[in-house]
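Here are my notes on the model you sent over.

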Amino acid sequence: MLAKTKDGLNYISKLNANRIWNMLEILGSYYFSKLTKKNYHRGMPVSVSIEPTTSCNLRCPQCPSGLREFSRPTGMLNMEIYSKAIDQLGDKLTYLTLYFQGEPYLNKSFLDMVSYASVKKIYTATSTNAHYLDDENCKRTIESGLDRLIISIDGVTEETYKKYRIGGQLEKVMEGTRNLVAWKRKMKSQTPYIVWQFIVFGHNEHEIEDVKRIAKETGIDYLAMKSAQVYDFETGSDLIPNNPKYSRYSKETSKFSIKNKLLNHCWRMWQGCVITWDGKVVPCCFDKDATYRLGELGDKSFTEIWQGPLYERFRQSLLKSRKNIEICKNCTEGTKVWV
């Protein structure tokens with residue numbers, strides 16, 4: 001609880017009058033649009049995800065990176081595109097997630113990117129499979145100013161872990177976590193806030209109590225349970241947990257359906273977006289193939305894209321009928337997600 005409080009205070013410390021006013025503009029315009037069902041938008045993004053790379057060392061079966069089944073190119077974010085985005089967003093942006101698809105540490109400039117945002121007092125977070133957390137990377141991670149590091153750990157035995165994290169090694173995850181905890185203590189650093197993320201599947205839900213115990217022993221700051229996203233969920237899957245508490249799907253008659261009622265509003269569309277490694281701006285993290293491309297940083301400024309006609313039409317279509325937007329059909333926004 002103390003670590004969580006410190007993390008919250010760390011985020012608050014990065015706010016200023018400009019950023020707070022921007023948040024209020026976003027919030028006000030969102031609720032006005034939600035009430036009137038007419039698109040009205042003010043302000044710049046509060047949080048943004050920027051993708052360091054689409055490359056990954058693992059082959060997770062529900063991930064486009066793992067399956068090598070992207071309909072868009074695989075590549076690495078370069079500092080020119082990244083710095084251009086941060087320079088345009090920095091005075092309003094409060095939360096930056098340096099992750100979308102792929103393994104961030106495969107981009108050799110990743111920690112330089114973290115440092116660039118940290119200097120501008122932007123809260124930075126990323127997600128990793130922890131296979132590259134050797135001594136050098138752990139030390140550099142802390143020096144970069146990274147505020148939050150999410151580590152995927154979906155099993156407490158090699159057999160269970162490898163059922164989803166194909167090509168990975170649980171011992172590498174444990175070793176990387178221990179390295180980072182040790183370096184934080186050695187450097188007397190409050191950051192990064194270390195989160196273990198345990199995606200609850202049918203094959204690992206029996207290990208929940210074990211992962212809670214091991215998390216305490218390892219010294220991480222927080223253990224998060226996440227419901228699993230399954231692409232072809234209607235007919236069921238071994239990946240869907242048996243306990244409905246942990247599932248984002250429910251079975252009605254002979255088919256599964258998402259618990260989300262797909263209400264015609266979405267906070268994400270007002271407060272943030274995703275920028276792919278090659279500079280494309282897409283609505284959110286559910287658009288993994290960048291199908292709904294709302295602009296490209298090489299052609300326009302971010303403000304032109306964010307306030308442009310494509311974005312305006314997309315927000316209006318969402319207020320009209322969210323169920324007709326393909327990327328929304330497997331989304332949990334607008335409903336309670338168990339964590």
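1. A term to settle before anything else: buried means under 20% relative accessible area, exposed over 50%, and partly exposed in between, using a 1.4 Å probe and protein chains only. Helices (H or I, at least four residues) and strands (E, at least two) are DSSP runs, numbered from the N terminus. With that in hand, strand 3 (residues 123–128) is mostly covered, with six of its six residues buried. Tyr123, Ala125 and Ser127 point one way from strand 3, while Thr124, Thr126 and Thr128 point the other way, and all are buried.

2. Some housekeeping. This is a predicted model, in which local features need pLDDT of at least 70 and side-chain atom pairs count only at pLDDT 80 or more, while totals for chains, interfaces and linings use all residues. Residues are numbered from 1 along each chain as its sequence is written, and side-chain values use heavy atoms, with hydrogens and water left out.

3. Now the sheet. Strands of a sheet pair through backbone hydrogen bonds, either parallel or antiparallel. Here, two strands pair if DSSP finds at least two bridges between them. The model has an open sheet of nine strands in the order 6-5-4-3-2-1-9-10-11, with mixed pairing. Strand 6 (222–227) and strand 11 (295–296) stand at the edges with a single partner strand each, so one side of each has no neighbour in the sheet.

4. Which way do strand 5 and strand 6 pair? Strand 5 (residues 193–200) and strand 6 pair in the parallel sense, over six bridges. Within that pair, Ile199 has Lys226 of strand 6 as its bridge partner. Helix 9 (residues 208–218) packs on the sheet here, touching strand 5 and strand 6, and its direction makes about 165° with that of strand 5. Contact means heavy atoms within 4.5 Å. Axes are lines fitted to C-alpha atoms, for helices over the stretch in contact, and angles run from 0 to 180 degrees between N-to-C directions.

5. Further along, strand 2 and strand 3 run parallel and are joined by three bridges. Leu96 has Thr124 of strand 3 as its bridge partner. Strand 1 and strand 9 also run parallel, with four bridges between them, and Val48 stands opposite Cys273 in strand 9.

6. Strand 9 deserves a look of its own. Gly272 and Val274 point one way from strand 9, Cys273 and Ile275 the other way, and all are buried. Strand 9 runs antiparallel to strand 10 (residues 280–282), and two bridges join them; Val274 is partnered with Val282 in strand 10. Strand 9 and strand 10 form a hairpin with four residues between them, and Gly279 in the turn has a positive phi of about 90°.

7. Next, Gln271, which sits in helix 10 (residues 268–271). Gln271 counts as buried because its relative accessible area is 13%. Leaving aside neighbours within four places in sequence, Gln271 is in contact with Ile26, Pro45, Val46, Ser47 and Trp306.

8. How do helix 5 and helix 6 pack? The axes of helix 5 (residues 110–119) and helix 6 (residues 135–144) come within 8 Å and cross at roughly 15°. The two helices are therefore roughly parallel to each other (angles under 35 degrees count as roughly parallel, over 145 as roughly antiparallel, 65 to 115 as roughly perpendicular and the rest as oblique). On the helix 5 side the contact is made by Leu111, Asp112, Val114, Ser115 and Ser118, and on the helix 6 side by Asn137, Arg140, Thr141 and Ser144. Those residues divide into two nonpolar, five polar and two charged (Ala, Val, Leu, Ile, Met, Phe, Trp, Tyr, Cys and Pro count as nonpolar, Asp, Glu, Lys and Arg as charged, and the others, Gly among them, as polar).

9. Last, the backbone. Most residues other than glycine have a negative phi, and most peptide bonds are trans. A cis peptide bond joins Thr191 and Pro192, with omega about 0°; Pro192 is in the loop between helix 8 (170–186) and strand 5. Buried or exposed? Ala130 counts as buried, at 2% relative accessibility, whereas Lys188 is exposed, with a relative accessible area of 75%.
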